[in-house]
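Here are my notes on the model you asked me to look over. Have it open beside you while you read.

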Amino acid sequence: MIRPLSRTALVLDILGAVLLFATLTPMSLVFYGQGSLSFIGISESAGIAAMAVAGALQCGAVAVGRLAPGIALAVAWVGAVVQMAAGLSPLPFNVAILLVLYATAAWGSRRVMWAGLISAGVGAVVAGLYISVFNSASYGGFGITFAAATLLVLASVLALGFAWVGGFGWRMVLRARRIRAAQMRAEAATAEEQERVRIARDMHDIVAHSLAVVIAQADGARYASAVDPDAAPAALTTIAQTARGALSDVRMLLTQLRHRQGDGPQPTLADLETLFAQVRQAGIEPRVTVDPMPPGEPPGGIQLAVYRILQEALTNALRYGDGQSVEIHLAWHPAFVDITVANVIGESASTSLGGGHGIIGMRERAQLVGGVLRAERDGGQFVVRARLPIGSSEGGQDGTGASVAGGGDS
């Protein structure tokens, strides 16, 4: 198997292998050529040629170790067989075998990795026995003890096994890096998706409420124009103001989408009066009761959630209510705030409730701050009830974070 490898990395591997061959092969010839050639009776020239071929094969395997670890392992085995067939002693360029085993464990496929481990075990036994026989022949046929042969095998196992284990350790490092990179990409994708959902939720709240006010004003002006022509300019002024405000908020959200900077429009409790004024201008009187009052300045996340829930509940009242009044009750306790919004359901709303995303959006708002929200019919009324824990307003859910499916939707 050939792995994808940059041209620079491949060139560096080839240069390193050439340097390894140019350095260690002459050293092998100078220090190990004399008297070590052949306990099988070949000529010195043939032994030198075999040494050059074996060195070229083993160093060449290093050149392709990262590119094709499986091929490198096979070539290294061929070089080792040529070396043993020529009766050559262990030589300095045999360090290339260690580098090839390292490459199989670090960059090879799963099959090549295990083939490298098997090669390390088998090669260690073969190398230990070969060295024992070579030494025996070098000393005039006197055999070496079993203990000495065992030590040679163990030394070979340690040398080859250490190279493979080192490569396996680097493989684990690379794997951990890949997992971490994939985790970071997944976290970034999740954060982006959450941001898109938040912006979509804000967009829905802004546009749905503004359009509900505009439609109510337009219908009211059309019906009242025949009786009171002076009411039309006031309605048109309210429509223009509402549309401008919605356009400004939408532009801020779109800027955030383009440049990913700023938090966009973040209403607070101080903006509730403006919200109630818009609803009054649309022809519905919100009757607001706050008891008990907030014990202090609520967290920003809670203020935003309260505003958005009331905004969507009032939008429901404008679209599906009877056009009279809406009862709003806020109860600020030290650990939580209770929200109740109730309005009489209009006659035309019997088949309209439950077809949109408004209730889902309110429920998500409550869940983001660890709260719970219920929206349902209660006799002839549509009632939204929510409880938001003030102590967990950073977006995490606690044990009350489950929501209950409500009735209608916008």
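1. Overall picture. Keep in mind that this is a predicted model. The chain holds ten helices and five strands. Of its 410 residues, 39% count as buried. The accessible surface is about 21300 Å², and 64% of that belongs to carbon and sulfur atoms. If you look at contacts between residues at least 6 apart in sequence, 78% of them join residues at least 24 apart.

2. In soluble globular proteins, nonpolar side chains tend to be buried together. Here the largest nonpolar core has 37 residues, and Val306, Leu310, Ile339 and Leu388 touch the most other members. Elements giving two or more residues to this core include helix H6 (146-224), helix H8 (272-281), H9, strand E2 (321-332) and strand E3 (336-345). Helix H10 (358-368), strand E4 (372-378) and strand E5 (381-389) are also on that list. H9 provides the largest share, ten residues.

3. Helix H9. This helix runs over residues 300-320. From first C-alpha to last, its 21 residues reach 30 Å, close to the 30 Å expected at 1.5 Å a residue. How many of the residues of H9 are buried? The count is 18 of the 21, so H9 is largely enclosed by the rest of the structure. Arg308, which sits in H9, is buried too, with a relative accessible area of 2%. Its C-alpha is 9.6 Å from that of Gln266, although Arg308 and Gln266 are 42 residues apart in sequence.

4. Side chains of opposite charge can pair when their charged atoms come close. The count for this model is seven salt bridges. In one of them, the side chains of Asp13 and Arg66 meet at 3.0 Å, N to O. Asp13 lies in helix H1 and Arg66 in the loop between helix H2 (44-63) and helix H3 (69-85), so the pair ties together parts that are 53 residues apart in sequence. Asp13 counts as buried at 15% relative accessibility, while Arg66 is partly exposed at 24%.

5. Salt bridges among the strands. Arg387 and Asp338 also pair through their side chains, at 2.8 Å, N to O. This pair links distant parts of the chain, with Arg387 in strand E5 and Asp338 in strand E3, 49 residues apart. Arg387 is partly exposed, with a relative accessible area of 40%, whereas Asp338 counts as buried at 18%. Another bridge joins Asp378 and Arg385 at 3.7 Å, N to O. Asp378 is partly exposed at 41% relative accessible area, and Arg385 counts as partly exposed at 35%. Those two belong to a network of salt bridges that links Arg374, Glu376, Asp378 and Arg385.

6. A nonpolar patch on the surface. Val11, Leu12 and Leu15 make a nonpolar surface patch of about 280 Å². Leu12 lies in helix H1, residues 7-32. Is Leu12 buried or exposed? With a relative accessible area of 53%, Leu12 is exposed.

Key
Residues are numbered from 1 along each chain as its sequence is written. This is a predicted model: local features need pLDDT of at least 70, side-chain atom pairs count only at pLDDT 80 or more; totals for chains, interfaces and linings use all residues. Side-chain values use heavy atoms; hydrogens and water are left out. Patches are made of residues with over 30% relative accessible area and no salt bridge: like charges are joined within 9 Å, nonpolar side chains (Val, Leu, Ile, Met, Phe, Trp, Tyr) within 5 Å. Accessible areas come from the Shrake-Rupley method with a 1.4 Å probe; for residues, only the protein chains shown count as cover. A salt bridge is a side-chain nitrogen of Lys or Arg within 4 Å of a carboxyl oxygen of Asp or Glu. Helices (H or I, at least four residues) and strands (E, at least two) are DSSP runs, numbered from the N terminus. Buried means under 20% relative accessible area, exposed over 50%, partly exposed in between (1.4 Å probe, protein chains only). Contact means heavy atoms within 4.5 Å. A nonpolar core is a set of buried Ala, Val, Leu, Ile, Met, Phe, Trp, Tyr and Cys residues joined through side-chain atoms within 4.5 Å. The expected span of a helix is 1.5 Å times one less than its number of residues.
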